[in-house]
Amino acid sequence: MHQEQTVGRFARLAAFAVRRAVWVLLGWLLVAGVLNVAVPQLEDVAARDSTPVVPTYAPSIEAVHAMDRAFGSGRSHSFLVIAMEREGGLTRADTAYARHLVTELRADDDVAFVQDVRRSPELLKALTSRDGEARYVQVGITGDTGAPSSIQQVEAVRSTVRAHAPPGLRVEVTGPTATIVDVATGIEHSLLRITIVTVLVIAVILLVIYRSFVVTGLVLGMVGLGLGLARAVTSLLGISGVLEVSTFTGSFVTGVVLGAGTDYAIFLISRYHEQRRLGVPPAMAARVAGTRVGGVIAASALTVMLGTACLAFADLGFFRTTGPALAVSVAVDLVLSLTLLPALLALAGARGWAEPRSAGHPRFWNALTGLVVAAPARMLAVALVPLLALALCYPLLETSFDERGVQPDDTESNQGYALLARHFPINEVLPDFVLVTADHDLRNARDLALLEQAAGAVAGRDGVDLVRGITRPLGHPITRASVGYQAGVVGDRLQDASRRVASGEEGASALVDGAGRLDQGAGRLADGAGRLGDGARQAVAGSGRLVDGTEQLAAGIDRILAGVPAAVDGSDRVAAGMGDLADGLQAAHDQTAVAVDGLGLAYDALSTKSLTCGLDPACRQARDGIRQIWVAERDRLLPALQRAADAARRLADGTVGLHAGLTRLRSALQQVRDGADRLRQGQQQFGRRLGDLASGADRLADGAGRLSAGADRVEGGTEQVAQSLPELRRGMERAAAYLHRTGAVARDPAVGGFYLPPAALDDPRFAAASGLYLSEDGRTARLMVLGSTDAFGRAAAQRSDDIHQAVVDALAGTRLEDATVQSTGMASTNADLAHYASTDLRLVALLALLAVFLVLLVVLRSLVAAVLLLGTVVLSYVSAIGLATLVWQVLLDKPLEWSVPALTLVLLVAVGADYNLLLTKRIHEEAPDGAAAGIARATVVTGGVITSAGLIFAGSMLALMAGSILTLAQMGFTIGAGLLLDTFLVRSLLVPAAATLLGPRLWWPGHPSTRH
């Protein structure tokens, strides 16, 4: 009942179109004219769209925005690179131009950020090649990468850049955003050529099929009007916000509308010609054709509409802006085919312009169908073998994300990349960025050490050439911030102190000599004083002996005074050496303690907080090495340094006391010497004061004895100091050698630590790097990673995830464990693109196959038939991808672009289902009971029609290869090849053979019926 109602609707629609043929024709012309005048062109509407290729919620795009907020203006959504080159070296005019360009670009509202080289000589130097012939500047714009709005912004920047460039200076605007813009522009410029080639292909095939210029003109006129209407309706829906459109939309709308519209026209014309061969009048033939084929065309169009509409659920903007627009365009094609074409056939038929050229069926189809019906199993194998062989190539598929490779080498972005490659390291303008955002200021020694730890972990990954960051602004760790360097510095200071102690040994020896002479002089003084006393008591015997004793006393005092300055000087040198030594040893102990603490933290992180270090032999070996150094320094070096510092301090204090005693001794001896002089002067009074002289001599002898005893103690102490200094020097030399060995080992990135003293944070060089690698508030740090492979390649995309995980692992278990880690850059964006392309393909495949299956199930009312037809189109798709992989990837070394598999799936499944649906519906008409003869008749009747339709649709898709963009060529080849496989193998052999083998079971769960 439902089927009869459906047929009735198509019959009434066809009858209306035939009866009001003139009005239908005029009405459609009027609608097309009004829409194309009132509605802007599709390209103009697409230019206003802001849909990016990669969604804004992709992790890499979110990281771009986060990086712009931290380091840029907060308005940049994508970035460009302005590359400059002058052979022989940049001139002053070129430098002035670069500075003037900053002012010019900042005046553009769509330019959100420009690297300012006007006030930063360091930045200007960093952006200039070593040979002085090239320079680049980064520019941020407000449009998202891949969004049509970014095309205008890129063109505006290019216009500004070219306007004032000095003669002889080559300037190119490149970068990822410019790359996508050049792809979109190339597709847009290819549209006219693609359209012309498509129309020519369709016209030639139609002329071969119908051998009639009138019929060919009718079809081309209808599909041309359909294309204009489809573009206008798509533009109208794009303006109203119902659809998202892009610069890619127009190309695919052109190919699909021309191909589908021609297919529907062929379906109708074939039925019209059948009726005319049966003698049915033109008007009635047109009505019958519209009635009989209307349902099939509607079902066919519905499969394409539903399949392409499923792309609206994709994440990637390319699919969202293409699929729904195709669905709307096919809907316009459907309505036009069901109304305008019957009207045109009625008008042309009444004048005899659309008559069939020959009757009967081609002998080719009779012979082929006879083989299929006679040996269905064998013919099924003939169809399956090549399809399965091609399908085996499907697992070899490796999609490409290199948007540079899909466009010609002479595009401006590619020329810019080539310019930069001549003067800068690989990926200089295409680095990966890793952002680490914390909830506190990172400008402290502990956090900087952790950032260096993360940078070192990234630098150790395969495929990483260079890592730049706040701790390594030039790509290598700051030398003075390594534990190894600091251990070496402490060793150097100890070695210097050792040399000073060695110098002090000579002073100690002089001190011992002076102390000996002091002891000798004190002894002589005692002897002289004794003899003086004896002489005084024997003065009566003669005063001559008194004079002799006095002279001996003066000589002894002179010798003592001669030795005392040497002793004082030696004590001064020892005291100074001991004080410096004590200070140096204490500083060595303190700095070494910091290094030891850093090594302890590194060992603790690797031993207790890294789950993977125990599994990695290299990491485990590094961890054990850190522990050996840490334990040795903690248990042996630090205590030894502290004891040496304390001993040196005590020696310094003791030597100061010795210096004071010797000074007092020298003063006393001077007084004694003065007394001896006075003694000689008073010899005239010698006789009168013999008693006083005797008592004074006795006191002098007692003092000299005490002096001799003190001199003995001084001599013993100085001998102890002199003996201990060589041992102290040897110990310090051993400590210095140990620290130097420790420093040499700790400088290894796999073992060493990182410590940046607080004072270094105020260093101007640190401040210059801080602006590039630390945000203004200090809470966000970024690492710039340069890979060793093409940033657009699969290896780089896969490496970006590894880099991100390396930073996360390096910060695990530290105070930055909760910091947000984000990755961006071309490789990270391609990694996200790969992820979304994969998930979109799975989602679209599921939805499209389900939608097509439901349509087949409703139209055919057979579960077996629906499953069979769905299986055949899936096999066609897998075989087509396998063939494309074999041709493009294996033979031409041009892997399929990432968008090809998904869009090919939608169109091949939908269009392939069209052809199979047309055949199967005719089989149901001719053989509702599954009879082989009926299957043969249906195959013969539809053979030429479906083959023609397949050739035309395949031709319209293959015409995409006329474009300059490799993506279009691969897309056109893959879809066109799939349609040809479906036309000549699936529809001609596989489906009829399978239907013959299944017989009446083809219509299960329905019941076989006899044909009426």
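Student: Which residues point one way from β1, and which point the other way?

Tutor: From β1, Ser78, Leu80, Ile82 and Met84 point one way, Phe79, Val81, Ala83 and Glu85 point the other way, and all are buried. In a regular strand, side chains alternate between the two faces of the sheet. The model is predicted: local features need pLDDT of at least 70 and side-chain atom pairs count only at pLDDT 80 or more, whereas totals for chains, interfaces and linings use all residues. Residues are numbered from 1 along each chain as its sequence is written, and side-chain values use heavy atoms, with hydrogens and water left out.

Student: What makes strand β1 mostly covered?

Tutor: Eight of the eight residues of β1 (residues 78-85) are buried. Buried means under 20% relative accessible area, exposed means over 50%, and partly exposed lies in between, with a 1.4 Å probe and protein chains only. A strand is a DSSP run of E with at least two residues, a helix is a run of H or I with at least four, and both are numbered from the N terminus.

Student: Why are β2 and β4 called edge strands?

Tutor: The open sheet has four strands in the order β2-β3-β1-β4, with antiparallel pairing. β2 (111-114) and β4 each pair on one side only. Between β2 and β3 there are three bridges, in the antiparallel sense, and Val114 stands opposite Val139.

Student: What packs on the sheet?

Tutor: Helix α5 (residues 92-106) touches β1, β2, β3 and β4, and its direction makes about 155° with that of β1. Helix α8 (residues 176-210) lies across β1, β3 and β4 at about 95° to β1. Contact means heavy atoms within 4.5 Å. Axes are lines fitted to C-alpha atoms, for helices over the stretch in contact, and angles run from 0 to 180 degrees between N-to-C directions.

Student: Which residues have the most contacts inside the largest nonpolar core?

Tutor: They are Ile82, Met84, Val157, Phe267, Trp898 and Leu979, in a core of 183 residues. Such a core is a set of buried Ala, Val, Leu, Ile, Met, Phe, Trp, Tyr and Cys residues joined through side-chain atoms within 4.5 Å.

Student: Why does Val785 count as buried?

Tutor: Val785 counts as buried because its relative accessibility is 1%, which falls under the cut-off. Val785 is in strand β7 (residues 780-787). Its contacts include Pro431, Val458 and Ile803, not counting residues up to four places away in sequence.

Student: Why is Thr942 called buried?

Tutor: Thr942 is called buried because its relative accessible area is 4%. Thr942 lies in helix α27 (residues 932-958).

Student: How far does helix α24 reach from its first C-alpha to its last?

Tutor: Helix α24 (residues 826-860) has 35 residues and reaches 49 Å, close to the 51 Å expected at 1.5 Å a residue. The expected span is 1.5 Å times one less than the number of residues.

Conventions: Two strands pair if DSSP finds at least two bridges between them.
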